[in-house]
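Here's a quick briefing to read alongside the coordinates. Have the viewer open and follow the topics in turn.

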Amino acid sequence: MRLLVLPPHRDVTLVPEAPEGWQCVDVARDFCRRVFAHDAVEAAAAARERAPATAQTMRELLLLRAAQSVHGRADSSVSTRLRALGAVLSAISGPPDGVHLRLDDVELEGGTTERSADVLRSLDQLASYREDLPLAAARFAGADRVRLWLERDLQLPAAAWLARACPEQVPLEVAGPFAWAHRAVLAQLSVFQRATFVDAAPLRWRVSPGLDEAVSTSLVWLSEALEVRATPLDTVRALTGGAEGWAGHVSLDSLLHPDVLVESGCKVAVVGFCAVDSDAWIDPLGARVSREALAQGTRRLRDAGVHLVAEWWIGAPGVDEADLDATLAVLDAEPVFDKLAGVRPFHWPRTPPESGRPMLWPDVKVGAPPDDRDLARSRPFEHARSIPSARVPQVLAGLATRLLARGPLSPGRVAAACLPEVSRPRATDMSAAAIQLDADCAWVQLPAGLDGAPKPSWFAANLRTGSVLAMDARLAPKLAGLVRPMEVASVLGAVPQAQREKLVDTLVARSVLTRVNG
């Protein structure tokens with residue numbers, strides 16, 4: 001029996017097609033399934049209600065109860081369920097854990113996964129997936145071979161633990177894009193020294209939005225950015241195994257070849273861009289793509305039913321804040337993409353892109369990663385008109401806030417978040433006669449305030465916007481169960497009419513309520 005082991009923490013909305021002769025042990029998905037189960041979330045919330053009230057326990061309890069509420073609604077969307085999962089992961093992995101989880105990220109207490117010394121130190125720190133690792137490792141003793149699959153550095157803490165737990169008599173392999181790219185460093189670590197690093201064929205993934213959802217109806221997912229202009233149709237079909245439909249990342253200029261994308265079965269295309277000027281869109285490699293040609297290609301794709309998703313990379317060379325403002329204006333004026341997933345920081349890659357295409361940004365001075373970051377993902381760079389690296393997080397946060405005012409962003413960089421969803425009523429038409437809770441908002445009663453002060457308090461927490469609003473306890477019972485549209489007067493009849501309209505306007509503006517046209 002050969003075991004293909006997928007450690008936490010990866011994109012759990014993807015499931016692999018195990019190669020012939022291998023049995024998949026998906027520890028990452030098993031972990032998320034366990035902690036996101038109703039009884040597990042309830043137990044985690046109850047434990048915090050019994051514990052002494054602190055700012056940390058109340059924040060975690062707020063996240064857990066909000067996740068329970070929005071996930072439990074019969075009509076919750078995929079994105080809402082993913083936001084709920086992200087809230088649970090965040091709540092259960094706080095201090096004293098040394099490995100803090102988000103839906104699409106991992107943070108090490110006092111360290112980083114880009115530094116092997118920090119990864120090794122994390123082996124003896126608490127982690128919310130710790131009880132899942134021994135269960136997986138217990139299967140190793142009966143295996144003919146164990147292969148750990150590493151897609152990203154986020155899996156390193158768990159993968160290192162599993163490697164250390166593998167019996168000496170069982171052959172151990174390490175494979176996957178991240179493992180192969182960083183094999184020189186990883187092979188020197190004590191936990192991987194006896195492992196064989198394998199340049200194995202990429203896994204074929206399928207999108208499975210629900211943790212318990214059947215895979216057979218899912219789309220094939222392509223993780224690496226496909227360049228359609230350089231990839232023959234037959235090659236695309238080989239990558240997808242001839243699937244009827246596929247989704248995934250493509251280069252921006254691939255949208256100039258809509259017929260090939262459509263014929264190959266593309267249903268969802270995810271592209272990255274850094275800016276747009278009067279003539280062209282600029283992709284993450286610095287290539288310029290004609291605005292007119294891109295508009296023609298995207299129209300053809302939308303007409304064929306292809307869903308177009310864009311990621312905005314912030315901090316690229318020569319793109320300053322004025323350029324970002326100009327780009328936002330174009331996004332408002334020209335609906336080129338069906339969805340803007342969100343913003344992400346631009347990084348200069350440590351190794352050349354797998355496509356072989358060069359970085360085309362002019363006048364850039366590229367440096368070397370810090371000596372202690374032996375697993376660095378990127379390299380520092382300098383450019384006269386770039387946003388200073390120290391300011392990029394602030395710019396990202398401000399831009400994300402502005403984009404949220406335009407529409408929902410994705411809950412994280414996971415495959416299922418890119419799929420099209422049935423639109424939900426979010427109208428703010430002042431003539432609307434009915435209201436209901438925002439799809440991502442929950443009313444939560446806590447035994448203390450968010451500062452830990454022992455005072456029963458009500459809050460409205462929106463998992464999409466991140467906003468938390470303290471609420472009047474007299475209003476809370478009337479609005480907490482408003483998961484279906486109801487007339488304003490029937491819900492808030494006891495509130496004077498003048499105050500009632502002002503109250504509803506405020507709660508709609510804060511993404512607590514949604515107006516629904518009756």
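Predicted model: local features only at pLDDT ≥ 70, side-chain atom pairs only at ≥ 80, totals over all residues.

**Helix α10**

- Helix α10 covers residues 233-240, and its buried residues are L233, V236 and T240.
- Looking down the axis of α10, you'd find those buried residues within an arc of 60°, so they line one face of the helix.
- As background, an α-helix has 3.6 residues a turn, so residues three or four places apart point the same way.
- On the face of α10 turned away from the buried side sit the exposed residues D234 and A238.
- The cover over the buried residues of α10 includes strands β9 (204-207), β10 (220-226) and β11 (246-250), along with helix α11 (258-264).

**Helices α13 and α14**

- Helix α13 spans residues 321-333 and helix α14 spans residues 392-404; they pack at an angle of about 15°, and their axes are 12 Å apart.
- Angles under 35 degrees count as roughly parallel, and α13 and α14 are therefore roughly parallel to each other.
- The crossing of α13 past α14 is right-handed.
- On the α13 side, the contact is made by E321, L324, D325 and L328, which meet V395, L399, R402 and L403 of α14.
- Sorted by type, the residues of this contact between α13 and α14 are 5 nonpolar, no polar and 3 charged.

**Cis peptide bonds**

- Going from P8 to H9, the peptide bond is cis, with omega near 15°; H9 belongs to the loop between β1 (2-6) and β2 (14-17).
- A cis bond also links P95 to P96, with omega near 15°, and P96 is found in the loop between α4 (78-92) and β4 (99-102).

- D363 isn't a glycine, yet its phi is positive, near 60°.
- You'll find D363 in the loop between β18 (348-349) and β19 (365-366).
- Exposed means over 50% relative accessible area, so D363, at 68% relative accessibility, counts as exposed.
- S511 is another non-glycine residue with a positive phi, near 60°, and it sits in the loop between α17 (497-509) and β27 (513-516).
- Is S511 buried or exposed? The cut-off for buried is under 20%, so S511 is buried, with a relative accessible area of 17%.

Key: Residues numbered from 1 in each chain as written. Heavy atoms only, no water. Buried < 20%, exposed > 50% of the residue type's maximum accessible area, 1.4 Å probe, protein only. Helix = DSSP H or I, 4+ residues; strand = E, 2+ residues; numbered from the N terminus. Arc of directions from axis to C-beta. Contact = heavy atoms within 4.5 Å. Axes fitted to C-alpha atoms, helices over the stretch in contact; angles between N-to-C directions. Parallel < 35°, antiparallel > 145°, perpendicular 65-115°, else oblique. Left-handed = near helix turned anticlockwise from the far one by under 90°. Nonpolar A, V, L, I, M, F, W, Y, C, P; charged D, E, K, R; others polar.
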